[in-house]
Amino acid sequence: MCSYIGQELYVFPCTYFKEYEGFKRSSVTEDDEDIQWREAYKPRSPFDRFTYAKDLVGRTFVVEKVRQQKVYPARFMFYLRDKKTGERLNYDYSIYFRSFFSPDFNPFNGSFPFLVMSHYNYLLKKYKNQKLVVSAQWYSEPKEFAHQVKYKDIKTQQEFTPQDSVCNLFTVEDIVLEEDGEMAFQLTDGKHHFLSSLGTTWNEPQYCKTACKQLLYSDWQKLTSKYGEEMMAAVMMGEVIDGMDSTLVGMSLGHTTNRQVFSGGFGWIYTRKDVMVVFNEEGQAKGMIKGAATAQFTKNCIELILAATTFKVVSVTGRVISAPFKIARKIIHFFGL
């Protein structure tokens, strides 16, 4: 937490919240017992612990120091100074929320309603005016759930569909804060100008908790050179095909830590999608089991998949479906690949 000292924190708006909790008068310190109920900064009413958003949103604070509470070590007091006015106030933060939200910035976290400006500037420097490859499917769900993404032009308010059915190449004009508290790329194809959430951006640790379907063109070129066009087309469509390694499967279906080891290989389980991807000892995907099944049935399916030479999809009924998942070999003609 001490790394925040000297950082600038911007309080951003969010339509979900009309007031903010945790902001305290400067007289409240980490040594105060029951900090949560102590004097709030500009409370809505006497003895209230909430502050109206209008008294905070849009202000930038400099972190002068951070102190850990002795009685409750999971709580930290941020000592803040308004960058513009010099007014001082404190912020009570609990790390209990860290298992679900990143304090640096992810979808809006009411327990840490700040944008760290150094992180924003890093993103801006990295992405502004760069080419970005974006999936043409909404979050690139597997094909039975997928539907073509539609964007709204922020200037004309008209909806439009990307040109290609797999993925498209856009230019990053800017990075903006949306009203729901998320950051988004402002993209253009030369004709339209629209927003796309940073929440599906590959190779950004803060954002890759879901399927990663936005890549810098330079990363796309490296991955295509390493894995081939067919593999990367499958990734952008949310599919798994024979020979994918764990990196590609993670990019396609999302990353998971739910892993089971079996004789001859291992499996990654995606509980939300109700599938298990089976890898051989070399770490290559050899098949996928869809649907919930008994432990014995799953074991039998895994043995069958690992013994097979081609990619298999096994349903819970026991029916084995040969599925190389024929991915169109054509790949974004204007990429020049």
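Here are some exercises on this predicted model, each with a worked solution.

Before you start, note that residues are numbered from 1 along each chain as its sequence is written. Because the model is predicted, local features need pLDDT of at least 70 and side-chain atom pairs count only at pLDDT 80 or more, while totals for chains, interfaces and linings use all residues; side-chain values use heavy atoms, with hydrogens and water left out.

**Exercise 1. Get an overview**

Work out how many helices and strands the protein has, and what share of its residues is buried.

*Solution.* 
- Step 1: The protein has five helices and 21 strands.
- Step 2: Of the 337 residues, 48% are buried. Buried means under 20% relative accessible area, exposed means over 50%, and partly exposed is in between (1.4 Å probe, protein chains only).
- Step 3: Look at the contacts with a separation of 6 or more: 52% of them join residues 24 or more positions apart. A contact means heavy atoms within 4.5 Å.

**Exercise 2. Describe a helix pair**

Find the angle at which helix 2 and helix 3 pack, and say which residues meet.

*Solution.* 
- Step 1: Two packed helices are described by the angle between their axes and the distance between the axes.
- Step 2: Helix 2 covers residues 217-227 and helix 3 covers residues 229-236; their angle is about 125° and their axes are 7 Å apart. The axes are lines fitted to C-alpha atoms over the stretch in contact, and angles run from 0 to 180 degrees between N-to-C directions.
- Step 3: That makes helix 2 oblique to helix 3. Under 35 degrees would be roughly parallel, over 145 roughly antiparallel and 65 to 115 roughly perpendicular, with the rest oblique.
- Step 4: From helix 2, Trp220, Leu223, Thr224 and Tyr227 meet Glu229, Met231, Met232 and Met236 of helix 3. Sort these contact residues and you get six nonpolar, one polar and one charged. (Ala, Val, Leu, Ile, Met, Phe, Trp, Tyr, Cys and Pro count as nonpolar, Asp, Glu, Lys and Arg as charged, and the others, Gly among them, as polar.)

**Exercise 3. See what covers helix 3**

Which residues of helix 3 are buried, and what covers them?

*Solution.* 
- Step 1: Six of the eight residues in helix 3 are buried, so this helix is mostly covered.
- Step 2: The buried ones are Met231, Met232, Ala233, Ala234, Val235 and Met236.
- Step 3: Their cover includes strand 9 (131-135), strand 12 (167-177), strand 15 (214-216), helix 2 and helix 4 (246-253).

**Exercise 4. Track salt bridges**

Say what parts of the protein the pairs Arg44 with Glu19 and Arg49 with Glu21 tie together.

*Solution.* 
- Step 1: The whole structure holds 13 salt bridges. Each is a side-chain nitrogen of Lys or Arg within 4 Å of a carboxyl oxygen of Asp or Glu.
- Step 2: In the Arg44 and Glu19 pair, the closest N and O atoms are 3.3 Å apart. Arg44 sits in the loop between strand 3 (23-25) and strand 4 (50-52) and Glu19 in strand 2 (residues 19-21), so the pair ties together parts 25 residues apart in sequence.
- Step 3: For Arg49 and Glu21, the closest N and O atoms are 2.5 Å apart. Arg49 is in the loop between strand 3 and strand 4 and Glu21 in strand 2, so this pair ties together parts 28 residues apart in sequence.

Definitions and conventions:
Helices (H or I, at least four residues) and strands (E, at least two) are DSSP runs, numbered from the N terminus.
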